[in-house]
Amino acid sequence: MPPVSWKAQELTIGQLAERSGVSTSALRFYERNGLIHSRRTSGNQRRYGRDTLRRVAFVRASQRVGISLERIRTVLGLLPDSRTPTREDWARVSECWRADLDTRIRQLEELRDDLTDCIGCGCLSLDRCALTNPHDAYGAAHSGSRLTGG
């Protein structure tokens, strides 16, 4: 595949995949789910605006920290379609994650602390284990053995 000119206004799906490091199948999935958009040529080939590279990078970064595709789609809807998003646009959008990330960090810190205690005792007791049964939630909700895979 010939190199993409930095002046190119549109990218093919292969060029977008190469530049973003995301497979073409993932790009099609993102498009089906409203995370990115393309236009179709007269030959029905996808063409993506250069700003799609930033959107794909944002989707990947958001996924890495555990944000759902539904939340990502909602927040991407805040970005302008008529122009390439500015640094201020991206800053406003990334603020939407702050509370989620703070909550996730707090949960991970609690898990880390509970895991240290659990490894120390080694019991994995179903009525006391903070990892498998925090606050004996299983005992409060059911009587007898109810744990199943799934």
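How do the axes of helix 1 and helix 3 cross, and within what distance do they come? A few notes on that and on some other spots, keeping in mind that this is a predicted model.

1. Starting with the helix pair: the axes of helix 1 (residues 13-20) and helix 3 come within 10 Å, crossing at roughly 50°. As for the hand, the crossing of helix 1 and helix 3 is right-handed.

2. Now the side of each helix that does the touching. Helix 1 brings L16, R19 and S20, and on helix 3 they meet T52, L53 and V56.

3. On to the rings. How many aromatic pairs does the structure hold? There are two aromatic pairs. One of them joins F29 and Y30, with 6.4 Å from centre to centre and 55° between the planes. That pair counts as tilted, because stacked needs planes under 30 degrees apart and edge-to-face needs over 60.

4. Are F29 and Y30 buried, partly exposed or exposed? F29 has a relative accessible area of 33%, so F29 is partly exposed. Y30, at 2% relative accessibility, counts as buried, the cut-off for buried being under 20%.

5. The rings of F58 and W97 also pair up: their centres are 6.0 Å apart and their planes are at 15°, so this pair is stacked. F58 and W97 are 39 residues apart, and the pair links distant parts of the chain. F58 sits in helix 3 (residues 52-64), while W97 lies in the loop between helix 5 (87-95) and helix 6 (98-121). Both ends are tucked away: F58 is buried with a relative accessible area of 11%, and W97 is buried with 5%.

6. Last, have a look at E31, which is found in helix 2 (residues 24-32). Is E31 buried or exposed? With a relative accessible area of 18%, E31 is buried, as the cut-off is under 20%. Which residues does E31 touch, leaving aside its neighbours within four places in sequence? E31 is in contact with I36, H37, S38, R46 and Y48.

Terms used
Residues numbered from 1 in each chain as written. Predicted model: local features only at pLDDT ≥ 70, side-chain atom pairs only at ≥ 80, totals over all residues. Heavy atoms only, no water. Phe/Tyr/Trp six-rings, centres within 6.5 Å; stacked < 30°, edge-to-face > 60°. Buried < 20%, exposed > 50% of the residue type's maximum accessible area, 1.4 Å probe, protein only. Helix = DSSP H or I, 4+ residues; strand = E, 2+ residues; numbered from the N terminus. Axes fitted to C-alpha atoms, helices over the stretch in contact; angles between N-to-C directions. Left-handed = near helix turned anticlockwise from the far one by under 90°. Contact = heavy atoms within 4.5 Å.
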